[in-house]
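Keep the viewer open as you read.

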Amino acid sequence: LRGSQTTLALFDFKSDKKPFAALVPENIDAAEFIPGLRGTPLDNAKLIRGALVYVPDGKDAYPTSEFYPDSVTNALALVSRGGALEPAQGLRAGFILEPKADSPFDKALTFVGVRQETIEVAGALPNVVLGKGGGRGLNGDLLKQAVAAVDLEARLPAINLPGIDKVVTLGAPYLRIKGTAVPDLKGKPTGEVKLRVGMAGDLVLKLPGHDLAFDGGIDIEKATGGKAFKLALRSTSTVNWDKAFGLPFVSLKKLGLSGAIERTAEGGAMLDASLTTTARLDKQEFEAVSSLTLKSNSAPELRFTIPGRVDVANLPVVGGLKGVNELSFANLWIGTGGLGGKVRIDKLGIGGEGAIFLHGGKPVALVKADPFKITDLVGNSGLASKFKQVLEGAAQITLPESVFAISTADLSTATIGDLPAGIRPMLSGLLPKSGGDKRRLPFGTGVSLIAALSEANLPPATRQA
């Protein structure tokens, strides 16, 4: 077999004239038996000892007998993982693999804290492996079919992503070598098939107050540079996230996580990824995406962006905020701390950045306005025009920095530390510098405005006085 002497055993079981066939190859190139392994991080792995067992149709158990040769008994134990894996029709396989030292695969496992000289894998291979030529020289659809039939697994000890291990975890990890259809950028099948080598398990992204569970894992891939490796994330969430970010009207479903884990110069892990989802805001549904960058175990900030305009006035809870119907949001984000985006105060014609969050379960809206003239606050009605004439030079006064607040909650005793972390920068430069997170917010119930004004913003006559 593959140019070397190999033990072959044929043995009947249950006297149904459908014999098992077992082969026990040793010390050969693993890529000789696993279609598609060439070009992966495991393409130089050595098969120290292996077993191939052909299971006929209808067999529901592996034969056990003290009369079998030791080689056959050992083959059955290896293929069935000591009885843990039930037989299935076709070619079952078990290998003790020895990855090449200092290879991309070896480096990747060492990076996540797995130090094993050999790995015991078991699962399914295509029947063509036992055919003439052993599957070598396959191309086109036959090769795709052979690669798609590969499904091998191996137990792994606990893995650790250094530096981000409190935020991204992979529980009950195992190595998976599996033929997988290759999708395009939109997730649709391309008709191509590749062999994926990676770590799978219970992938969890830990957010403040909520854990997101994903079904997938971390692929180990070759990178440019010969022995270099890269870790790729491709996972989908196993459950919907209802009341996401503490907002009772937000539900996120079909969450997808994709990106890469890189090794930093300090030897830690850095995650650069994106999250996609179908976001449901009460009765409205949108496709949304959030970037995700992790360099430490600090709580990640997520902001899912929804392109276009969204009517927030129709949302439960938020719709009860008097005056919110005057706010027109575009490119809305939903994330840690609330929701927000580009906003326009329609009646005043003032634009800026807006955010809505809950304080004590009640909605609060903040608008960090673009520079505007103070007379814009009275609009353009007839009475407003007379008021502007009374103000005389006020029409020349521009407020360079200001924040509007609309609140049903009493904020008179609230501090800047009570605000969501991602919203605090909106008040930068508008509060006293001393006091840190204990600085009181200058807002109450209803509509409030704070602004910064310097001498340069005053009319010339006022400055001369």
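**Strands, rings and a loop**

Strand β12 (residues 241–242) pairs with β13 in the antiparallel sense over 2 bridges. Within that pairing, tryptophan 241 has leucine 252 of β13 as its bridge partner. Please keep in mind that this is a predicted model.

Strand β11 (residues 229–237) runs antiparallel to β13 (residues 250–263), and 6 bridges join them; here threonine 236 stands opposite glycine 256. β13 and β14 form a hairpin with 5 residues between them, and glycine 267 in the turn has a positive phi of about 90°.

Now back to tryptophan 241, this time for its ring. The structure holds 6 aromatic pairs. In one of them, tryptophan 241 and phenylalanine 245 are tilted, at 4.7 Å centre to centre with 55° between the planes. Tryptophan 241 counts as buried because its relative accessibility is 4%, and phenylalanine 245, at 17%, counts as buried as well. Ring pairs also bring in Phe304, linking Trp241, Phe245 and Phe304 into a cluster.

Another ring has a charged neighbour: the charged end of arginine 303 sits over the ring of tryptophan 333, 3.6 Å from its centre.

Finally, visit the loop between β23 (401–407) and β24 (446–452), where you will find threonine 415. Is threonine 415 buried or exposed? Its relative accessible area is 17%, so threonine 415 is buried. Leaving aside residues up to four places away in sequence, threonine 415 touches Asp437, Lys438, Arg439, Arg440 and Leu441.

How values were computed: Residues numbered from 1 in each chain as written. Predicted model: local features only at pLDDT ≥ 70, side-chain atom pairs only at ≥ 80, totals over all residues. Heavy atoms only, no water. Phe/Tyr/Trp six-rings, centres within 6.5 Å; stacked < 30°, edge-to-face > 60°. Buried < 20%, exposed > 50% of the residue type's maximum accessible area, 1.4 Å probe, protein only. Lys NZ or Arg CZ within 6 Å of the ring centre and 35° of its normal. Helix = DSSP H or I, 4+ residues; strand = E, 2+ residues; numbered from the N terminus. Contact = heavy atoms within 4.5 Å. Pairing = 2+ DSSP bridges.
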